[in-house]
Structures are given as C-alpha cells and as structure tokens.
Amino acid sequence: MMLSTATLYALCGAAMIGIGVYGFIVRAHLLRRVLAFNVIGSGVFLFLGALGYRAPQAGADPVPHALIITGIVVALSLTALAVALVLKHAEEAGRAVLPEEDREET
Amino acid sequence: MTAAFVFDAMLCLLLVGTAVSAVAGRDLFASIAFFVTYGILIGLAWLRLGAVDVALAEAAIGAGLTGVLLIGAWSMLQRRCGDGGNDPAMPVLPKLAAAAVSVTVTGMLALAVLALPVGAPGLVPLVTENLSESGVGNPVTAVLLNFRAYDTLMESIVLLIALVAVWALTPKELWGGVPGLRQHARPDGVLATFGRLLPPLGLVVAVYVVWAGSEMPGGAFQAGTILAAVWLLVVMAGIAEEPRMSSRLLRLALVVGPAVFLGVGLVGAAFGSFLGLPVDFAKALILAIEFALTFSIAVTLALLVAGTPREGT
Amino acid sequence: MNLAEAFTILFVVAGIFFFVAGTVGLLRFPDTHTRLHALTKADNLGLGLIAFGLAFRMPDVWGVAKLGLVWLLAVLAAATVAQLVARAALDRLPDLDEKGGAR
C-alpha cells in the first residue's frame, strides 16, 4: 500500500511530537526545553496541516493553514517570553537549570 | 507519483534526523543550528502540502526569528553565567520511561491518522463557496481576516501581552531603557554595509507581501516578520538604536494594529455583527487592517526578540 | 523534451554538483576558513546555476526577475555572513603565524 502525501507527513509530524516530548522530559537545561517545546509545536502544526491535505484534488484546506500561521506567531511570542524567563533565572541562579534537577554534570 | 513519494520520504527522514539532532545533541549551539535547519526543512514540507502561506511564515518565524532568539539566549548564557549548555545527566530508568511515553504518544497519533477516512475535503468547499463574499482571493487571508477574524484579533492581542510579560521582567533601575544588548559593530564593516543595503529592499518586499497577500500567498504576519528582521539587522549593524521602552511613539506603534482591527470590528457591530465586514468594502477594510497590523506585528516581534533592557556590557 | 527543459535539467544538475562539492568541502576541510572557502565559492555558484536553470521555466520576465532577486539576496547574505564567521573564527585564533596560516 502506498502512503498518501498527507498520511506520510502526518506520521512525520507524530514522530516529531514524540521526539520533542522525549527531549522535553529528559533534557534538564532550560534552553533545551524551550527548543524541545518548539519541536513539539512544529510537529503539532505539521500533523494538523497534513490532515487538511487529505483530499489533494479539492485543494489544501485553508482553515488549518490560518490556524497554523496564528499558532506559529503565538509560539514565537511564548518562546520569547520563555527565553526571557530562562535568562532571568540564570542570572539569579548562575545556571539555566532548575535547582531540583541540578544533579551531577555529565 | 513515485518520484514525488521518494522526495517526500527523504524529506521526512531528514526532518526526523534534524529533530533528533536538535533535541539529543550534546553541544547546545549545534542543537540550535540543527533546529534552524529543521525549521527550513519544515518550510519545504509545507510547500509539498500546498501551504505556501504557512511555508513563508515557518521559514521567517519558525526558523528565522526563533533561531535569532535562541542563539541570542545561548550567547547571553555563556557570557553572563558561563553556562555552556551542559545538561545534568538523567538516570537510565527515567530515561527509559520518557522514551516509553514519547513512543506511546507518537504511536497513538499514528494510529489515529491511519484510522481516518481518506479523501475528506474538510472545510475546503465551505471556504470556496463563500470566497467571493470575503473581498479577497487568497483563501487563507479570507479565513484569517474575515471568516475567523476573531482568532486573528485575539492573536494580535496575545502578541502584545507576551511583550508586556517580557517587559515585566525588567529590573526596576533599567525600566524605560533601551531593550536588548548594546550592539558593537564596525562602522565600516561588511555588516554595516549590508545593514544599509537591505532595508530599502526589505521595505519594498514587505509592502509587496501584504498587498499580494489578498490574492496570492502572503499577508500581515509574513510581511511583519520581514520588517522585524530588517530592523533587527539595522540594530545589529549598529546603524540605529532600539527606541526606549518609555517612548510614547513606540507604545502607539505597538497598539495601532490591534486598535484598528478592534475599531473595524466595533463599527461592524454597530451595523450588524462584530467583525462582520460588508461585502462591498471588505477588501479595503481588510487591507487597512493588514497594513496597520503588519506595522504593529513588526514592532512587537522585533521587541520580543530584543528582550528586556540590560546594562551595558 | 524541448530545448528549455533540457537547459533547465542541465543547469540544475550542474548547480547540484557544486552544492555537493561545497558540502564535501564543509565536511572534509580541516578548519573554519577553508570550510568557508568551500561553502561560499561552491554554493553561490551552485545557487546561481540552479536559479539560471529554473529561469527557463518561468512564465514571464517578472518571474525571472524575482529569481534573480532571490539569487542576489542569497549571495549578499552569504558573503556578509561568511565575513562575520571568518572574523569571529580569527578572534579565536590568537596564535596565528606571520603569513596568517592557522597555528
């Protein structure tokens, strides 16, 4: 069975969500968490966008596209807020890692 | 068909590979570089999914501005705190648990996709049917600024609130100052030349992208990002300085977009429905909102990337 | 296959060849400056060839002009960034010998 373009990219989006979730849990450095969160976000967008392309002959669905553009901009603004918080925390604590997760260095 | 499938499969493999490298890499700077590459590749994926508008937004915002933000944060962490991005290692057992969680999430989503019926047109017929009443020819712009204008209005306000929240982290003695770091660039260097060469071109491209956005891919968010990027370049090249946070003109620039949007919505409410655009004036109103919004989005995004004021280094 | 399509294939393939060469240089050369040399030279030429090849498929002269603009902007940005990266790398190499060779 040949996968359709939409299914292929939706599966790819699902994989990216999984990769991001793993990084979000495992990596303790806060900037890496912000990065992993962005990977989850773009995975969700790709998943949603691919679902709007299940009938290519009818054209791509513009409603998910509009939602995704909105989402990309909101993701950037929240990333900027998260980065500002991380920098503030690092200035106070000396490292961009939460104290309860500050175990031995690798 | 087959050649296209091979291309799609290779692109998906590259996406997964760069995502893994971005998340699991040891060196933080390399991880960020992989993340930017990954963002550009997603832009290609959007082209393959017939979403040119999203591809533009992803390349400009997802890869471009987010990359600038992360690299800036990396360099601040290194210089201010000597934090090179090292992670405390997680013990093996929790790592395995995290892997199990992530595989479960991906597996469930994959099962959900494979169970969906093929060939569902979604909302395409509904949008196509009403496109002639929206005032614009680009269905994505029609959804963003007419059919679902509510979302876009809220989003422009979310942007503003995010900036207020970032500004709230300013230390008391620096309140009202110049956002971001003071930049040091050689006045006769290549960056300064590039910073003088690009703005006129960037301005033309941004205006074109808003104007074209009513009939073709483009629009306020993409154009706003282009303007914000040009401004960031001008600041980095040391040609101009960020305006002070306390500047009234700056604050006016931040709210003019959402204010025009809200104003049009309220006038609509007086004549029928909130944010309901009359068919005859729809295109003019959409363009007015878009130009005001582009300006405000550009200022907001540039200030979000600059962050809070910092004492000179 | 008409002549325009043949030109497109010819120039795009040539462009891809230069991109591959630049990437091989990036991976194989020993330090930042030689890598930059490979990247800027080969990739700018590769992009130019690809843009030139695709110009044959554009419906009108405006499309060709947009392609030219894309190429020009990419070359300008690449040249600027290459200079900045090279300078940053130079600052990290305090012990250059007289001729400017690395260590």
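## Where chains B and C meet

Let's start with chains B and C in this predicted model. Chain B puts four residues into their contact, and chain C also puts in four. What classes do the residues on chain B's side fall into? That side has four nonpolar residues, with no polar and no charged ones.

## Where chains A and B meet

Now for chains A and B. Two pairs of chains touch in this model, and the pair with the most contacts is A and B. Here chain A brings 77 residues to the contact and chain B brings 83. On chain A's side, helix H1 (5-26), helix H2 (30-51) and helix H3 (62-93) each supply at least two residues. Which of chain A's elements gives the largest share of that side? That would be H3(A), with 24 residues. Sorted by class, chain A's side has 47 nonpolar, 18 polar and twelve charged residues.

And chains A and C? These two do not touch, and their nearest C-alpha atoms sit 22 Å apart.

## Chain B, the overall picture

Chain B has eleven helices and zero strands. Reading along the sequence, you get the pattern α-α-α-α-α-α-α-α-α-α-α. If you draw a box around the C-alpha atoms of chain B along the principal axes, it comes out at roughly 60 × 55 × 35 Å. Of the 313 residues in chain B, 43% are buried. Now take the contacts in chain B with a separation of 6 or more: 74% of them link residues 24 or more positions apart.

Chain B is also split into two pieces, domain 1 (1-120) and domain 2 (138-313). The C-alpha centres of domain 1 of chain B and domain 2 of chain B are 26 Å apart. Where they meet, domain 1 of chain B supplies ten residues and domain 2 of chain B supplies 13. On the domain 1 side of this contact, you'll find eight nonpolar residues, one polar and one charged.

## A helix pair in chain B

Take a look at helix H2 (residues 28-48) and helix H3 (residues 52-81) of chain B. Their axes come within 7 Å and cross at roughly 175°. How do these two helices run relative to each other, parallel or antiparallel? An angle over 145 degrees counts as roughly antiparallel, so H2(B) and H3(B) are roughly antiparallel to each other.

## A curious spot at Leu275(B)

Next, zoom in on one residue. Leu275(B) has a positive phi of about 65°, although it is not a glycine. To find Leu275(B), go to the loop between helix H10 (248-271) and helix H11 (282-306) of chain B. Is this residue buried or exposed? Leu275(B) has 21 other C-beta atoms within 10 Å, and 20 or more is the cut-off for buried, so Leu275(B) counts as buried.

## Chain C

Chain C has three helices and zero strands. Starting from the N terminus, its elements run α-α-α. Of its 103 residues, 14% are buried. Among the contacts in chain C with a separation of 6 or more, 62% are between residues 24 or more positions apart.

Chain C has a helix pair worth a look too. The axes of helix H2 (residues 32-55) and helix H3 (residues 61-91) of chain C come within 10 Å and cross at roughly 180°. H2(C) and H3(C) are therefore roughly antiparallel to each other. On the H2(C) side, the residues that meet H3(C) include Leu36(C), Asp43(C), Leu47(C) and Leu54(C). Their partners in H3(C) include Leu67(C), Trp71(C), Val75(C) and Val85(C). By class, the contact of H2(C) with H3(C) has 17 nonpolar, five polar and one charged residues.

## How confident is the prediction?

The model as a whole scores ipTM 0.93 and pTM 0.90. Chain C averages a pLDDT of 85, and 88% of its residues score at least 70.

How values were computed. Residues numbered from 1 in each chain as written. Chains lettered and ligands numbered in written order. Predicted model: local features only at pLDDT ≥ 70, side-chain atom pairs only at ≥ 80, totals over all residues. Contact = placed C-beta atoms within 7 Å. Nonpolar A, V, L, I, M, F, W, Y, C, P; charged D, E, K, R; others polar. Helix = DSSP H or I, 4+ residues; strand = E, 2+ residues; numbered from the N terminus. Buried ≥ 20, exposed ≤ 12 C-beta atoms within 10 Å, placed from the backbone. Domains from an automatic or database assignment. pLDDT = per-residue confidence, 0-100. Axes fitted to C-alpha atoms, helices over the stretch in contact; angles between N-to-C directions. Parallel < 35°, antiparallel > 145°, perpendicular 65-115°, else oblique.
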